[in-house]
Amino acid sequence: MNINNESPRGIHINRRDVIAAGAGLAATAALGGIGSGAHVQGSDILKVGLVGCGGRGTGAAGQALTADRGARLYAMADVFPDRIEGSYNELIKNEHIAGQLDCPPERRFTGFEGYKKLIEVCDVVLLCSTPHFRPIHLRAAVEAGKQIFCEKPCAVDAPGIRSVLESAEIARKKKINLVSGFCWRYHEPDREVFGRIHDGQIGKITALHTRYLTGGLGLRARQPEWSDMEYQIRNWYYYTWLSGDHIVEQAVHSINKIAWAMKDVMPIAATAVGGRQVRTGPEFGHVFDHFGVVYEYADGVRAFHDCRQIEGCFNDNTDFVIGTKGTAFINSWGPTLVIEGEKKWHWEAGRVDDKPVPVRDMYQVEHDELFASIRKGGAMNDGVWLANSCMMAILGRMAAYTGKRITWEQAMNSKEDLSPPKYEFGPLAVPSVALPGRTPFV
Ligand SMILES: NC(=O)c1ccc[n+]([C@@H]2O[C@H](COP(=O)([O-])OP(=O)(O)OC[C@H]3O[C@@H](n4cnc5c(N)ncnc54)[C@H](O)[C@@H]3O)[C@@H](O)[C@H]2O)c1
């Protein structure tokens with residue numbers, strides 16, 4: 001298992017595919033097609049900074065440079081210098097973007113504060129670190145008036161979400177672009193099927209069911225020189241303060257699809273089950289390995305979501321949206337998207353109703369749209385639905401950890417702040433595993 005995997009883990013799209021897709025797009029660009037830089041005004045250079053130089057950040061940087069031939073990778077920031085070097089070395093190998101790298105060692109910033117120096121010198125920032133730090137990085141970027149690509153999840157607790165909502169508002173007022181990494185919202189076939197759902201093609205929604213069942217994730221063996229803080233950041237998936245737990249870090253993609261289908265109306269409450277059945281060793285921190293959530297909506301609709309990260313089980317990433325006149329079936333890994341009922345529509349691996357339709361890479365589309373908007377002076381802002389979808393996942397985790405029915409209002413007002421006492425390399429205790437019925441709601 002490759003811990004550097006940058007796509008939604010378990011999905012067939014991996015970093016190589018994405019970089020290859022970028023290369024393909026660059027070739028298309030040369031012919032004046034996608035990513036041709038049609039909106040580049042003159043020779044204006046956009047200085048791009050990457051915060052969080054792991055798998056996803058490296059992919060996002062490649063996509064940003066592919067999207068806009070005037071973009072330069074100008075600065076990089078990561079807590080660890082080896083991650084910056086690894087990312088830079090990966091990017092320089094891609095001949096389609098290598099000429100757009102302008103990031104000498106003096107603009108490679110390390111440590112917990114490195115993002116501040118990066119934000120100072122860049123026009124566009126790609127926020128791709130582990131999720132815990134996103135609200136801090138996002139706030140600094142909007143306050144400095146920078147254009148932003150912000151990976152999901154955008155926060156791991158309610159104080160973080162409240163901060164992101166404030167940042168989204170600052171971005172709106174400043175007319176800054178804020179594009180989220182919820183890539184399926186940039187996947188053209190998904191846009192088509194969700195558009196059809198919104199147009200009423202399956203009638204009124206009565207229930208939804210989404211799943212994110214995958215295998216396990218990688219683990220980096222502890223090195224003698226690593227402090228607790230370093231070990232946890234290098235194995236961030238297994239610590240709720242860093243990742244939000246896997247329901248927030250990964251399955252949030254499927255929870256975001258519930259939100260999308262429901263036109264971003266939020267549920268009023270959630271109940272959930274969950275636990276840690278197989279991944280029980282101390283090396284796996286304190287996160288759960290499975291969750292099952294029921295979201296309740298004001299109009300009586302129920303949305304059911306299951307997620308699991310256990311090796312050797314059936315994996316699934318399908319969504320059902322059930323309406324009074326039909327059902328939408330979405331299998332993003334297939335990929336197969338179907339509307340059944342009074343209206344019928346079928347999209348399967350590049351064929352719509354059995355006719356071939358080319359589909360652009362969704363990770364590339366995010367950046368194509370962001371840079372096109374920057375160039376034309378637009379202000380895309382995904383901030384509110386980005387925050388709300390992440391909050392839905394946090395609500396599910398809160399309900400599972402506590403065993404309580406938690407309302408949206410309670411969750412949004414939660415005082416639980418998962419931040420460590422200080423950001424420095426040294427000792428850091430691991431919280432105990434949550435026990436439903438005993439773990440309090442804070
Ligand atoms: N949209 C998608 O499909 C998708 C796919 C994969 C990952 N992601 C998201 O991207 C983010 C990164 O995931 P990844 O797979 O690249 O993980 P990764 O571990 O490969 O990279 C994360 C990087 O962030 C760095 N980092 C940690 N704390 C930092 C800080 N305070 N300042 C700067 N850098 C810091 C780490 O050292 C690491 O290099 C996560 O939020 C993840 O959920 C999204």
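**Note on helix packing, ligand shell and sheet**

1. In α5, Pro135, Leu138, Arg139, Val142 and Glu143 meet Gly160, Ser163, Val164, Ser167, Ile170, Ala171 and Lys174 of α6, contact being taken as C-beta atoms, placed from the backbone, within 7 Å. By class this contact has 6 nonpolar, 3 polar and 3 charged residues, where Ala, Val, Leu, Ile, Met, Phe, Trp, Tyr, Cys and Pro count as nonpolar, Asp, Glu, Lys and Arg as charged, and the others, Gly among them, as polar.

2. This is a predicted model, in which local features need pLDDT of at least 70 and side-chain atom pairs count only at pLDDT 80 or more, while totals for chains, interfaces and linings use all residues. Residues are numbered from 1 along each chain as its sequence is written. Helices (H or I, at least four residues) and strands (E, at least two) are DSSP runs, numbered from the N terminus.

3. The axes of α5 (residues 134-143) and α6 (residues 158-174) come within 9 Å and cross at roughly 15°, with axes fitted to C-alpha atoms, for helices over the stretch in contact, and angles running from 0 to 180 degrees between N-to-C directions. That makes α5 roughly parallel to α6 (angles under 35 degrees).

4. Around the ligand stand 30 residues, the closest being Gly52, Gly54, Arg56, Arg83 and Ser129; a residue is counted if its C-beta atom, placed from the backbone, lies within 6 Å. Helix α2 gives the most to this shell, with 3 residues.

5. An open sheet of 6 strands has the order β3-β2-β1-β4-β5-β6 with parallel pairing, for which DSSP must find at least two bridges between two strands.

Technical notes. Angles under 35 degrees count as roughly parallel, over 145 as roughly antiparallel, 65 to 115 as roughly perpendicular and the rest as oblique. Two residues are in contact if their C-beta atoms, placed from the backbone, lie within 7 Å.
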